[in-house]
Amino acid sequence: MTDQTYCDRLVQDTPFLTGHGRLSEQQVDRIILQLNRYYPQILTNKEAEKFRNPKASLRVRLCDLLSHLQQSGERDCQEFYRALYIHAQPLHSRLPSRHALQNSDCTELDSGSQSGELSDRGPMSFLAGLGLAVGLALLLYCYPPDPKGLPGTRRVLGFSPVIIDRHVSRYLLAFLADDLGGL
């Protein structure tokens, strides 16, 4: 994964965000108000008034806000992204920096999935193995082995409830309850 900071992401996303028609005036005002009201240490009242000035064009105000946040530091840029997510979620999901992060995450996952694959046999092989295990458990339950013939069988069955689901383990423990003293 890339070590891209929020400030780096903001530099990368600035041309996209300042493009024509990306953010409406209401969305920019909401973002500025959130940064001012919830985080007054990010934008003071005077700065918020400057960035909300209707006399300046929206693009100029947005460029000024983004450059101010880049100069302010990492936490301020992170809070901007949080406010952007809250007030313009569809735009937030289309940011160029998000696509770059998602693509880098996907390539890392793809390279690791080749060596980490367990089986490609599918659900039928799992069900066949499960059926075999249940069949053997029922066989041992219906026809208990001769204690003289296979002395280790009860020990193996004694540890099987640790592996098998709790519903099945009740029946196995009930079956072994009379002979557990011999372990």
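Author: A residue counts as buried when its relative accessible area is under 20%. This model is predicted, and in its chain of 183 residues, 30% are buried.

Reader: How many helices and strands does the chain have?

Author: The chain has 10 helices and zero strands. Read from the N terminus, the order of elements is α-α-α-α-α-α-α-α-α-α.

Reader: How is a pair of packed helices described?

Author: Two packed helices are described by the angle between their axes and the distance between those axes. Take helix H1 (residues 6–17) and H4: their axes are 10 Å apart and the angle is about 170 degrees. Angles over 145 degrees count as roughly antiparallel, and H1 is therefore roughly antiparallel to H4.

Reader: Which residues make that contact between H1 and H4?

Author: H1 contributes Cys7, Leu10, Val11, Thr14 and Leu17, while H4 contributes Leu62, Leu66, Leu69 and Gln70. Sorted by class, the contact of H1 with H4 has seven nonpolar residues, two polar and no charged ones.

Reader: At what angle do the axes of H2 and H5 cross?

Author: The axes of helix H2 (residues 25–37) and H5 cross at roughly 135 degrees and come within 9 Å. H2 and H5 are therefore oblique to each other. Their crossing is right-handed. On the H2 side the contact is made by Gln27, Arg30, Ile31, Gln34 and Leu35, and on the H5 side by Glu79, Phe80, Ala83, Leu84, Ile86 and His87. These residues of the H2 and H5 contact divide into six nonpolar, three polar and two charged.

Reader: What does H5 reach from its first C-alpha to its last, and what is expected?

Author: Helix H5 (residues 74–87) has 14 residues and reaches 20 Å, close to the 20 Å expected at 1.5 Å a residue.

Reader: Which residues of H5 are buried?

Author: In H5 the buried residues are Asp76, Cys77, Glu79, Phe80, Tyr81, Ala83 and Leu84.

Reader: Is Arg61 buried or exposed?

Author: Arg61 sits in helix H4 (residues 58–72). Arg61 has a relative accessible area of 3%, so it is buried.

Reader: Which residues is Arg61 in contact with, leaving aside its neighbours within four places in sequence?

Author: With those neighbours left aside, Arg61 is in contact with Glu25, Asp29, Lys50, Phe51, Arg52, Asn53 and Ala56. Between Arg61 and Phe51 there is a separation of 10 residues in sequence and 5.2 Å in space, C-alpha to C-alpha. For the chain, among contacts between residues at least 6 apart in sequence, 61% join residues at least 24 apart.

Terms used:
Residues are numbered from 1 along each chain as its sequence is written. This is a predicted model: local features need pLDDT of at least 70, side-chain atom pairs count only at pLDDT 80 or more; totals for chains, interfaces and linings use all residues. Side-chain values use heavy atoms; hydrogens and water are left out. Helices (H or I, at least four residues) and strands (E, at least two) are DSSP runs, numbered from the N terminus. The expected span of a helix is 1.5 Å times one less than its number of residues. Buried means under 20% relative accessible area, exposed over 50%, partly exposed in between (1.4 Å probe, protein chains only). Axes are lines fitted to C-alpha atoms, for helices over the stretch in contact, and angles run from 0 to 180 degrees between N-to-C directions. Angles under 35 degrees count as roughly parallel, over 145 as roughly antiparallel, 65 to 115 as roughly perpendicular and the rest as oblique. A crossing is left-handed if the near helix is turned anticlockwise from the far one by less than a right angle, and right-handed if clockwise. Contact means heavy atoms within 4.5 Å. Ala, Val, Leu, Ile, Met, Phe, Trp, Tyr, Cys and Pro count as nonpolar, Asp, Glu, Lys and Arg as charged, and the others, Gly among them, as polar.
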